[in-house]
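Colleague: Could we go through this model together? I would like to start with the strands and then turn to the core and the rings.

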Amino acid sequence: MNQQPARIDRPRLAREWWRGATIYQIYPRSFADSNGDGIGDLPGITARLDHVASLGVDAVWLSPFFPSPMADFGYDVSDYCDVDPIFGTLADFDALVARGHALGLKIIIDQVYSHTSDQHGWFRESRADRSNAKADWYVWADAKPDGSPPNNWQSVFGGPAWTWDARRGQYYLHNFLSSQPQLHVHNPEVQDALLATARFWLDRGVDGFRMDAINFAMHNPALTDNPPAPPSNGRRTRSFDFQQHIHNQSHADIPRFIARIRALLDSYGERFTVAEVGGDDNDREMKAFTADNRHFDSAYGFDFLYAPRLTPGLVRESTERWPDRPGLGWPSWAFSNHDAPRAVSRWAAPEDRDGYARLTMLLLLCLRGDVFIYQGEELGLSQVEIGFDDLKDPEAIANWPLTLNRDGARTPLPWCATAPGLGFSSGKPWLPLGDDHAALTIAAQADDPDSMLALTRRLIALRNDSDALLLGSMRVIEASDQLLVFDRSVPGETMLCAFNLGEEPVRWAPADPARWQIVAQVGAIDNWELGRFAGFVARTMDL
């Protein structure tokens, strides 16, 4: 088996820039700090974008940097059309966009349309009384005769989804923190205002949006109680988990609003939208939110983000929900992000993390759809254990110690082992650095051809050079207890992808081995035997 990739010159298939794209997520608080206050910022990102461009990715997704009280670290927006001073200024954002574009990177930003901060001017006006111009911009409801909340809906972060407001003499809805009041997106005026914020950022040159929690954007106006969830074998740590969320989210009118967003973006040319869709009904919702080229371009759920184990069956089940079929949307995939513990710590024992990080990067970059790499994933960073006294995440504090611990995935990116704060900041970082992250810094890996960083660059380059990996259909050939095999195909090119997700070696060979040339591998491959946590990609030799 020849393990040296052979570059094959061929006419490339036409595609939108985002279809099959590799997108790098930056969590601004933790990427790079330019002013020594211990919090990452936009100038820090701009100064370090060369690292991102060197990976070969197509785009950057920036988590929120808008003005915010930071109760939920930017997902509680108090002004949709500005930059929070801790991150910089609008001029800093414009410089970031210009630098990204000069490096060939598209810039995607978060949009949070289901709720705002309670410090947003819209909410301050809305809560003043029941007759002001924005009185119906949020979801308000009278108390029951006994003074209790209007219904039984529960918040994602725990407790009732309603908070009493004495000024209005009513309850307001919040699906998340009580300081994140729910926008009344059924209201056409609210939709118009949100579209105006989108237009503001499009006019500044952004290339697309990641739509946060969009399935929470509209509720059932009848305020019907949610039914109880079926019995569970697992331990429920939140009151939210005891209900089926039929009435507080997932309203049938959401796709109509999405179509309005899509029409606006289409007027700006080739822009990209990807929706975050969590919950038990997310598969149906993702299909509805991406259908027929009139809605969002793509969507991702939490198939892998919250999975305690990575199994061939999980990959098969998740990917086969998205066949290559006219009218069906385009999927996106992420193994890690700012809302989930890092995959390498969920899926592998400490002694196996390096090998497993390599295997999962190979797998991620072979999937059909767009793929998201979370900052530090290219380094093989592990989840950091954060003590209670250092926690910042409200979800982690409220549910301690039974918590996802999102803070452990949000720790600062390590740049250089010999610099203060591992090169992230000259001041005290806002979250503790990982004890094992000094050995995994970008500086330590940059010039090492055997490093995780070097491997990531090679695998992204392989994906970018292959129409089959970017655009091809996906056919699962085998998904056993530990072996996953699938192929990706376009006319004239097929890539065979095999992964041993288990700890024991396994042998698997294609029907005609002589046809195939291995072009990438991780772990030990010997005469078509895959060692523990090993995988390969092979290309047909008869093109």
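Colleague: Which residues of E11 lie on one side, which on the other, and are they buried or exposed?
Modeller: Please keep in mind that this is a predicted model. In strand E11, Asp370, Phe372 and Tyr374 are on one side, while Val371 and Ile373 are on the other, and all of these are buried. Both faces of E11 are therefore covered.

Colleague: Which strands pair with E11, and in what sense?
Modeller: Strand E1 (residues 22-26) pairs with E11 in the parallel sense, over four bridges. Strand E10 (residues 330-334) also pairs with E11 in the parallel sense, over three bridges. As for individual residues, Gln25 stands opposite Tyr374, and Ala334 has Phe372 as its bridge partner.

Colleague: Now the open sheet of three strands: what is its order?
Modeller: The order is E15-E18-E17, and the pairing is antiparallel. E15 (506-507) and E17 (525-526) stand at the edges with a single partner strand each, so one side of each has no neighbour in the sheet.

Colleague: How many bridges join E17 and E18?
Modeller: Two bridges join E17 to E18, which covers residues 529-530. Asp526 has Glu529 in E18 as its bridge partner.

Colleague: Let us move to the core. Which residues of the largest nonpolar core touch the most other members?
Modeller: That core has 136 residues, and the ones touching the most other members are Leu62, Phe65, Phe93, Ile109, Ile214 and Phe499. Apart from it lies another core, of 14 residues, including Trp516 and Trp528.

Colleague: What is Phe499 in contact with?
Modeller: Leaving aside neighbours within four places in sequence, the contacts of Phe499 include Leu359, Cys366, Gln482, Phe486, Leu530 and Gly535.

Colleague: And Asp110: buried or exposed?
Modeller: Asp110 is found in strand E3 (residues 106-112). Its relative accessibility is 0%, so Asp110 counts as buried. The side chain of Asp110 makes a polar contact of 2.8 Å with that of Tyr75. Not counting residues up to four places away in sequence, Asp110 also touches several others, among them Trp61, Leu62, Arg210 and Asp212.

Colleague: How many aromatic pairs are there?
Modeller: The count comes to 34 aromatic pairs. One of them is the edge-to-face pair of Phe123 and Tyr138, with 4.9 Å centre to centre and 75° between the planes. Phe123 lies in helix H3 (residues 121-126) and Tyr138 in the loop between H3 and strand E4 (140-141), so the pair ties together parts that are 15 residues apart in sequence. Both Phe123 and Tyr138 are buried.

Colleague: What about Phe200 and Trp201?
Modeller: Phe200 and Trp201 also form an edge-to-face pair, at 4.9 Å centre to centre with 85° between the planes. Phe200 is partly exposed, at 23% relative accessibility, whereas Trp201 is buried, at 0%.

Colleague: Which residues do ring pairs link into a cluster?
Modeller: Trp61, Tyr300, Phe302, Tyr306 and Phe372 are linked into a cluster by ring pairs.

Note on methods: Residues are numbered from 1 along each chain as its sequence is written. This is a predicted model: local features need pLDDT of at least 70, side-chain atom pairs count only at pLDDT 80 or more; totals for chains, interfaces and linings use all residues. Side-chain values use heavy atoms; hydrogens and water are left out. Two strands pair if DSSP finds at least two bridges between them. A nonpolar core is a set of buried Ala, Val, Leu, Ile, Met, Phe, Trp, Tyr and Cys residues joined through side-chain atoms within 4.5 Å. Buried means under 20% relative accessible area, exposed over 50%, partly exposed in between (1.4 Å probe, protein chains only). Contact means heavy atoms within 4.5 Å. Rings of Phe, Tyr and Trp (its six-membered ring) pair if their centres lie within 6.5 Å; planes under 30 degrees apart count as stacked, over 60 as edge-to-face and the rest as tilted. A polar contact is a pair of N or O atoms within 3.5 Å; within protein, one must be able to donate a hydrogen and the other to accept it, and residues adjacent in sequence count only if both atoms are side-chain atoms.
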